[in-house]
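I set out to look up selected side chains and their partners in this structure. My entries follow in the order in which I made them.

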Amino acid sequence: MKNSIFEKNTLTWIGIIFITLILLIFQDKWVWASKYPKDLIVPFSDWINFSMEKFIEQFGWFFLSISWLLSWPIIGAQWLLHSLPWIVVIFLVCFIAYLSSGVRLALFTLSATFYMVLIGYWEESMNTLALVIISVPMAIFIGFGLGVWGFFSKRAEKVIMPILDIFQTVPTFAYLLPILLLFGFGTVVGLIASILYSFPPMVRNTILGLNRVPDHIIESAIMSGANSKQLFWQAMLPSCKKQILLGINQSTMAALSMVIIAAIIGGTADIGWEVLYYIRKAEVGQSLVVGLVIALMAIIIDRITSGFALNSDKAVKGSQYLRNIRLNYLAFAILVSILLFITASFFQVLADWPYNLSIWVSSHINDFFETFVKTFKTEIKLVKKYTLFFIMLPTKIGFQQAVSPFTWGFKLEMFHKIFYFMSFILVAFWFLKNKKNGIFIFLLLLMIFLYFGLTNMPWLSLLLIYSFFALRVGGYKLALGTFLGLGFIVIVGMWPEAMISIYLCGIAVVFCFIVGTSLGIWAAHNSVVSAIVRPINDTLQTIPLFVILIPFVMLFKIGDFTGLLAIIIYAIVPSIRYAENGIRNLPSEVIDASKMMGSTKMQLLFLVKIPLALPVIMLGLNQTIMYGIAMLVIAALIGTNGLEQIVFIGLTDGNMGKGFIAGISMAILAMIVDRITKTVSKKRSEALGLSIK
């Protein structure tokens, strides 16, 4: 019975491949098969624009009033930070760093904050910090409240979790559009965007932390006579404090990553605006100097918040001694701040750093960069040329168009085509003969994809292929969701741009998964490699996305290749981390048993370790895809032409409908991939009897 089902699935795949070939053969006659008819496109974007205009006419005054109200906390935070001498702010930040993680972090914080003073961007840094100071507490408050509600009400959780998926998968530019129209141009737009982007991690960590509270703690509290409020505030909440503090850490980092995005529409004289300004002027030195401020700020905040989270379980809960220490620390901080404030009033250099004492290193960076480009000009061109001609173009438009005397040095003749198809078919049937039906189908599909190119494939064929694959992976619900989601992208006219986004992000994800997983496995077996890779991963995850673009834009200019490199650099981190963690955390008894059976190192790796770690590695693939899509949105600023570019154009032109529909389309793609990869990981875990948390 099982074999008959398997054969039925294979026959269904062959049928889909046959339909695809028919549509490709007659694509010149059946234009509708390759391009969805314009007359059948549903004008959702026009409907959204019309509805938004009417809504603003009726309720615009209300949102502008909220905007005016929210502007005051930001103005207050900026006034406070600018009123304090820089020496006082640095002391307070360093003191908090010391309380979080000790002397080493305090010294790093001192160096990093003083760097902001030295380069002459202290005021802009404080404007950025003011936005974070206001947005983070609001995001934490909203996230914590929704998380608690979701924990106590399963019905609420079923509503909240899809909303979180939408906020975390819809490109930031997309929901900036309605915010901009409702609240007007200014800093408040950046504040609201930061809150919307940064509250989901707090919700997820709150629900996760409360779900992980041990049963014996709840039972002990109930037996002690605690009521519902006491049970929550005095028993459950302290038990999950570490997880909630990690949620605060992630929300803070998410808010900071919105700094440059907010600068696009906020127009505030902050660090994000400065980075944008210098990138647009193509000044690599000043871009990096200013961009480093955001990176340093992100690292400081990340280390401080994660330090408090990691050390939270070491505190003596409810201790009078602990409360006295906190009061002493607070008194010390206030006393020293007052002394420094008074000192700064006598020594102006401690209050307002003189312009002539600022250190200007951007010219040296520019000189170094120009020398580097001149020295390696040939190599840089070759890397871009070979990647573009031999990887990117074949994936995008297929060998039939990519192979030419200009790109590959020869024209694709008939014997080349015969050799290409016959090679694939012979290898595919060899696997079919050996009962490897999955590989057989994969090779046939790969043959078609590579020859015709992803962007030239009929939309109907891709709809069938992706939907049936979802059916095989996750059943009818996942298949129906995939079909409806992709069908929506087709009928709103976003399919061509969606394929461009998939092509660019797909190449990056494949590269990241192969190279990143290999590095992760190597790091799991080599402590030196792990020690080198770990700080690099930390840096890449704390540096705001836009800063990553700077060196690539300056080296390779704007375009798909630059976007590809930026996506790879950012999205490779999860593949490395999950692979290393998956290999390191395998059950020791299984490894020992394999060694006792005489397994070689290679057998142990490929037959035991990797299969057992595959569920975790697949979660790494899931996160790599999500990171790739997040970076793809930022890559729109450097000239990529997929859905992300429509979102960005919609923002700059004020066309909310078009930009929002493109953003929803990107969210649909992200959620489909997310569900498929998580389902594969879950099934693999269940097959191995493992649990993934």
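**Entry 1**

I looked up arginine 675 and found it partly exposed, with a relative accessible area of 33%. In these entries, buried means under 20% relative accessible area, exposed means over 50%, and partly exposed lies in between (1.4 Å probe, protein chains only). I count a salt bridge where a side-chain nitrogen of Lys or Arg is within 4 Å of a carboxyl oxygen of Asp or Glu.

**Entry 2: Basis of the entries**

I record that this is a predicted model, in which local features need pLDDT of at least 70 and side-chain atom pairs count only at pLDDT 80 or more, while totals for chains, interfaces and linings use all residues. Residues are numbered from 1 along each chain as its sequence is written, and side-chain values use heavy atoms, with hydrogens and water left out.

**Entry 3: Other salt bridges**

How many salt bridges does a search of the whole structure find? I noted six. One of them joins the side chains of lysine 396 and aspartate 560 at 4.0 Å, N to O. Lysine 396 lies in helix α18 (residues 377-397) and aspartate 560 in helix α27 (residues 560-584), so this pair ties together parts that are 164 residues apart in sequence. Helices are DSSP runs (H or I, at least four residues), numbered from the N terminus. Aspartate 560 is buried, with a relative accessible area of 14%.

I next looked up glutamate 580 and arginine 584, whose side chains meet in a salt bridge of 2.9 Å, N to O. Both residues lie in helix α27, four residues apart, which is about one turn of the helix. Glutamate 580 counts as buried at 7% relative accessibility, whereas arginine 584 counts as partly exposed at 40%.

**Entry 4: Lysine 609**

I located lysine 609 in helix α29 (residues 601-635). Is this lysine buried or exposed? Lysine 609 is buried, with a relative accessible area of 13%. Its side chain makes a polar contact of 2.9 Å with the side chain of histidine 525. A polar contact is a pair of N or O atoms within 3.5 Å; within protein, one must be able to donate a hydrogen and the other to accept it, and residues adjacent in sequence count only if both atoms are side-chain atoms. Leaving out residues up to four places away in sequence, I found that lysine 609 touches His525, Ile583, Leu586, Ile591 and Leu604. Contact here means heavy atoms within 4.5 Å.

**Entry 5: Valine 680**

I found valine 680 in helix α31 (residues 656-688), partly exposed with a relative accessible area of 28%. Valine 680 touches Val473 and Met618, not counting residues up to four places away in sequence. From valine 680 to leucine 619 I noted 9.0 Å, C-alpha to C-alpha, across a sequence separation of 61 residues.

**Entry 6: Cysteines**

I searched for disulfides (pairs of cysteine sulfur atoms within 2.5 Å) and found zero. Cysteine 505 is buried at 8% relative accessibility, and cysteine 512 is buried at 0%.

Notes: Helix = DSSP H or I, 4+ residues; strand = E, 2+ residues; numbered from the N terminus.
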